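Biologist: I would like to learn how to read a model of this kind, feature by feature. Please give the general idea first and then the case at hand.

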Amino acid sequence: MSRPASFSIVRDPLPDLEQKQTALSYLSEAWAEARHEGVDGDCLAQASLFTALAELVSTYGEDAVAKFVEGLPARVKNGEFTLKLAKQ
């Protein structure tokens with residue numbers, strides 16, 4: 001018995017900003033699903049940070065990632081990661 005031929009669509013890579021927006025959308029959906037299943041937000045955050053840092057290290061190496069994270073305290077204090085909720 002033969003299998004049907006599978007076809008894959010080859011697409012041009014998305015522009016960087018569009019890739020980031022798409023990735024954020026996928027991650028937001030996965031996050032919401034995990035929360036719905038009862039996974040604690042703090043556990044999700046720690047697992048996400050570990051996964052993100054591990055990916056960056058595999059791509060850029062430990063030294064480059066260490067240098068990158070040195071700037072995170074100032075960025076956190078500047079509010080770059082604070083979600084501003086609109087008041088109604």
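Predicted model: local features only at pLDDT ≥ 70, side-chain atom pairs only at ≥ 80, totals over all residues.

Biologist: How many helices and strands does the protein chain have?

Modeller: The chain has 4 helices and 0 strands. Read from the N terminus, the order of elements is α-α-α-α.

Biologist: What share of the residues counts as buried?

Modeller: Of the 88 residues in the protein chain, 6% are buried. The chain exposes about 8,600 Å², and 59% of that area is supplied by carbon and sulfur atoms.

Biologist: What span should α1 have, at 1.5 Å a residue?

Modeller: The 21 residues of α1 should span 30 Å, and this agrees with the end C-alpha atoms, which are 30 Å apart. Just after α1, Gly38 has a positive phi of about 100°.

Biologist: Now the charged side chains. How many salt bridges does a search of the whole structure find?

Modeller: The general idea is that side chains of opposite charge can pair when their charged atoms come close. Here the search of the whole structure gives 2 salt bridges. One joins Lys20 to Asp16, with 3.3 Å between the closest N and O atoms. The other joins Glu80 to Arg75, where the closest N and O atoms are 2.9 Å apart.

Biologist: Where do Lys20 and Asp16 lie?

Modeller: An α-helix has 3.6 residues a turn, so residues three or four places apart point the same way. Lys20 and Asp16 are both in helix α1, 4 residues apart, or about one turn of the helix.

Biologist: Why does Lys20 count as exposed, and how do Glu80 and Arg75 count?

Modeller: Lys20 counts as exposed because its relative accessibility is 53%, and the cut-off for exposed is over 50%. Glu80, at 46%, counts as partly exposed. Arg75 counts as partly exposed as well, at 28%.

Biologist: What volume does the largest pocket have, and which residues lie nearest its centre?

Modeller: Its volume is about 1,200 Å³. The lining of the largest pocket consists of 24 residues, with Leu24, Leu27, Leu49, Ala52 and Phe81 nearest the centre. The elements giving two or more residues to this lining are α1 (16-36), α2 (41-60) and α4 (72-77). The largest share, 9 residues, comes from α1.

Biologist: How does the lining of the largest pocket divide by class?

Modeller: It has 16 nonpolar, 4 polar and 4 charged residues.

How values were computed:
Residues numbered from 1 in each chain as written. Heavy atoms only, no water. 1 Å grid on protein atoms, 1.4 Å probe; cavity = no way out; pocket = protein on both sides within 12 Å on 5 of 7 lines; lining within 4 Å. Points joined across faces, edges and corners; volume = space filled by probe spheres on them. Nonpolar A, V, L, I, M, F, W, Y, C, P; charged D, E, K, R; others polar. Expected span 1.5 Å × (residues − 1). Buried < 20%, exposed > 50% of the residue type's maximum accessible area, 1.4 Å probe, protein only. Areas by Shrake-Rupley, 256 points an atom, 1.4 Å probe, with all protein chains shown as cover. Salt bridge = Lys/Arg side-chain N within 4 Å of Asp/Glu carboxyl O.
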